[in-house]
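Take a look at the protein below. This report walks through its confidence, strands, cores and charged pairs.

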Amino acid sequence: MTRLVLVWMLACCTQAAWGQASEGHATIAGKVISASGEELAGANVLLKGTTTGTVTSVDGSFEIAHIAAGSYVLQAHMLGFEGFEKEVRLAAGQRLRIDITLEEASYELDNLEIMGKSESTEVRELPYAVSVISTKNLYNSTSNAKEVLNRVPGVRAREDGGVGSNLSFTLNGFSGDQVKFFLDGIPMDNYGSSLSLNNIPVNTIERIEVYKGVVPVWLGTDALGGAVNIVSNKRHNFIDASYSLGSFNTHLVSLNGAYTHPQNGFTVRANANVNYSDNSYRVWVPVKEGNNIVDSANVRRFHDQYRSGVVKLEAGVVNKPYADNLLLGMMVSGNDKEVQTGATMNSVYGGIVRNSQSVIPSLKYSKENLLIKGFNLSLNSAFNATKSQVIDTLRGVTYNWLGDTTYTPNSNDGELSRTFTTLTDGEFNSQVNAGYIINTQHSLAFNHSFSHFEREVFDRENPDRIENQFPKAINKQVMGLAYKFDASEKWSTTVFGKFYLLKAVTSKQFDFGLSTQRTEPIESKKQNLGYGLASTYFLLPRLQLKASYEHTYRMPWATEIFGDGLFVQPNPDLGPEQSDNLNLGAAYQFTLKRHSQLTLESSFVYRESKDLIYQVVRVASPETYYDNLAQTRVLGMEGSVSYQWKKLLRVGGNITFQDITDQADSVYNESYTNTGYQRNFQKGYRLPNTPYFFGHAFAGLTFQNVAGKGSSLNANYYFNFVQKYFLSWAELGSMDTKKIIPQQASHDVELSLSLRESKYNISLECRNLANARLYDKYYLQKPGRAFYLKLRYTL
């Protein structure tokens with residue numbers, strides 16, 4: 001399938017090129033960016049002294065076709081930027097690529113200062129607490145979306161292990177489904193591991209937006225602590241292909257492209273990603289004989305192979321009177337994963353496997369100034385049909401970390417719980433956004449988000465399992481209304497309200513251990529009302545102050561209620577969680593000299609949460625489950641600094657402290673002997689298994705024309721630090737027996753070479769340079785030192 005997509009896109013591009021060449025005319029194409037690397041939409045590009053020209057698209061790209069052979073002066077202009085001129089000589093049939101960099105400028109007219117702004121800058125200047133990461137300088141890196149996000153203040157993206165492992169995302173102390181993920185505004189709730197953060201290549205991404213605490217109405221979600229929106233590459237005509245080879249027999253293939261007809265607006269876009277790894281890295285583990293730990297050893301993981309593939313196609317029209325974008329899409333994905341461990345590394349498996357396959361059709365529509373000026377409408381819909389399997393069919397066999405097996409004669413037990421379970425999931429998501437700009441000061445926005453999830457479960461090893469006989473379904477609706485008041489160019493405020501509605505159908509076991517024990521269907525309905533405010537004020541042209549508050553709710557989702565069929569057990573009694581979120585922040589960007597730019601950012605976070613849904617981990621058990629925590633509080637501070645000198649030097653870093661504590665006076669305990677409310681001995685202690693102090697630093701150098709004109713050499717260094725923290729509640733046990741995830745520091749380096757205006761690229765990367773012993777959630781060890789080579793071609 002990947003080969004067919006590549007051949008087809010190459011054929012389209014080749015046909016277009018031959019058509020131009022046959023007329024004897026030349027073409028100039030390229031991209032317009034700012035000095036900081038941001039893509040500039042709406043810039044004017046023309047041939048001086050003629051009427052031939054164009055305007056750059058949303059990704060800054062442009063194309064001027066049907067140019068007669070000869071010499072010209074190419075010009076580029078955009079309000080707020082210095083002008084650009086370059087003499088070019090064109091031959092008949094030639095296609096010349098020129099990438100243009102505009103230097104930022106300011107002009108003062110009667111005390112009015114006009115500045116040029118990129119799309120990323122506009123997002124940063126919203127009143128919400130938001131971080132925006134442009135990935136342009138990372139396209140040659142082997143990084144994925146997870147690696148990029150781990151460099152954002154307040155963010156920790158934690159994995160179970162290597163490539164394809166389960167991932168837990170933490171934002172200012174909130175984790176799991178408390179933070180929602182979107183791909184171009186479409187929820188990623190049930191996309192599966194084949195399209196998770198650690199499988200999305202960085203060169204398929206234009207930028208990543210991280211909303212902390214307060215979430216804009218237009219995302220239409222019930223996130224408790226924030227949201228992440230991954231904006232994919234929107235260029236109209238390109239091919240971007242890469243292949244990465246790395247340690248532990250890791251292979252990563254990415255192919256992306258698009259073709260847009262310049263006259264009729266027909267467009268087609270394609271993405272294909274393939275990932276494979278043995279994940280055979282060394283880990284320090286306990287070695288068991290039977291149930292006794294007899295030794296510790298540094299061994300290779302032996303049952304952790306992973307492979308996945310994703311193909312995504314979209315076709316439609318752009319820039320039509322009835323639609324700015326109208327796209328029909330289809331995504332097909334699948335993955336196979338060998339399971340090495342459970343929730344901790346105390347248990348090891350040699351036969352358990354998981355796999356899934358998804359088919360996701362989608363519809364995207366957007367139009368500005370629909371019917372009347374100022375009225376904007378967009379619709380994003382997708383249906384996700386996923387079938388996954390959990391297979392544990394070895395009978396009477398157990399493994400230790402050396403790969404040795406122990407056989408129990410006549411046993412029918414699996415390694416964990418003998419099963420061959422098939423989960424058939426169907427999920428429909430639809431989001432409608434409508435906005436109306438009343439005038440330059442007043443605007444309204446409305447969102448309606450609907451999702452329906454249903455699951456059928458069948459266990460071939462236990463076909464009569466009673467809980468699998470009951471329906472499992474969730475309906476969720478979120479409606480939001482926002483009013484924005486722009487009092488002046490300096491001050492903007494948004495107030496909003498959100499209505500949440502949930503209906504869940506599942507089953508529950510009653511009277512366990514009694515003669516009346518039974519499983520019955522249950523239905524739960526919840527509805528809540530949230531509200532909030534976000535405001536920003538520019539004290540100086542480059543000094544921005546922000547404040548935002550939200551009273552919000554989040555309804556439990558599928559895995560939390562139904563489990564995952566293997567390590568996560570169901571909990572039908574989960575209730576919605578609520579939180580009062582307050583963010584205060586400031587950002588200051590200024591120019592030290594003409595080519596030196598310094599950016600400072602800082603924010604304060606306060607959260608009061610009730611019935612917080614958290615994952616319960618037991619050190620001795622591979623299984624986990626989700627439960628409600630009555631009351632928690634988050635106090636946090638984060639800050640970042642970055643400096644850039646021309647295009648040559650980039651340095652910076654960030655640091656985060658978050659104190660997340662249990663604040664409930666009492667907890668409800670249900671037991672045979674002492675049911676009722678009891679004193680909460682964990683009050684005032686930090687939540688376990690959650691980092692509270694961590695930081696990141698980076699440095700980068702770029703040298704131009706080192707291997708000929710149009711070449712560049714990039715060297716990057718990244719440093720990550722995490723302070724030690726407890727795996728379980730700090731109040732429990734003695735200091736000698738407490739499980740502690742130790743302090744960690746890691747170093748990553750990259751070196752990349754680009755030739756012929758980034759057409760040909762090669763990069764080398766070393767992760768965990770010092771081969772440190774690194775851990776993520778639940779004391780699960782991550783890979784040691786690893787090397788990667790990446791080859792990339794763009795057109």
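## A buried charged pair

E206 is buried, and R207 is buried too. Buried means under 20% relative accessible area; exposed means over 50%, and partly exposed lies in between (1.4 Å probe, protein chains only). The side chains of these two residues, E206 and R207, form a salt bridge, at 2.9 Å from N to O. A salt bridge here is a side-chain nitrogen of Lys or Arg within 4 Å of a carboxyl oxygen of Asp or Glu. Side chains of opposite charge can pair when their charged atoms come close.

Residues are numbered from 1 along each chain as its sequence is written, and side-chain values use heavy atoms, with hydrogens and water left out.

The term pLDDT is the predictor's confidence in each residue, from 0 to 100. The protein chain averages 83. Of the residues, 88% score at least 70. Residues 1–23 have a pLDDT below 50, and this stretch has 28 contacts in the model beyond near neighbours in sequence. Contact means heavy atoms within 4.5 Å. Residues 106–116 also have a pLDDT below 50, with 22 contacts beyond near neighbours in sequence. Where pLDDT is low, the predicted coordinates should not be read in detail.

D99 counts as partly exposed because its relative accessibility is 34%. R97 counts as partly exposed because its relative accessibility is 42%.

R554 and E577 also meet through their side chains, at 2.4 Å from N to O. This pair links distant parts of the chain: R554 is in strand 35 (residues 543–554) and E577 is in strand 37 (residues 577–593), 23 residues apart. R554 is buried because its relative accessible area is 0%. E577 is buried because its relative accessible area is 0%. Salt bridges that share partners also join E206, R207 and E209 into one network.

Helices (H or I, at least four residues) and strands (E, at least two) are DSSP runs, numbered from the N terminus. Two strands pair if DSSP finds at least two bridges between them.

L183 has I230 as its bridge partner in strand 18.

## Two nonpolar cores

A nonpolar core is a set of buried Ala, Val, Leu, Ile, Met, Phe, Trp, Tyr and Cys residues joined through side-chain atoms within 4.5 Å. The largest has 23 residues, and those with the most contacts inside it are L149, F169, I208, V210, V228 and I230. Elements giving two or more residues to this core include helix 3 (145–149), strand 12 (155–159), strand 13 (167–171) and strand 17 (205–212). Apart from it lies another core, of 22 residues, among them I28, I67, Y72 and V88.

What does L149 touch, not counting residues up to four places away in sequence? Its contacts are V155, F169, L197, I208, V210 and V228.

V568 is found in strand 36 (residues 568–569). V568 is buried because its relative accessible area is 10%. V568 touches T559, G563, Q615, T624 and Y626, not counting residues up to four places away in sequence. V568 and A343 are 225 residues apart in sequence and 8.9 Å apart in space, C-alpha to C-alpha.

Strand 47 (residues 744–755) has two faces. The covered face includes Q744, D748 and E750, and the uncovered face includes A745, V749 and L755. Strand 44 (residues 712–722) runs antiparallel to strand 47, with 11 bridges between them. There, N716 has E750 as its bridge partner. Strand 47 also pairs with strand 48 (residues 760–767) in the antiparallel sense, over seven bridges. L755 stands opposite Y760 in strand 48. The hairpin of strand 47 and strand 48 has four residues between the strands, and R756 takes a positive phi near 50°.

Key:
Predicted model: local features only at pLDDT ≥ 70, side-chain atom pairs only at ≥ 80, totals over all residues.
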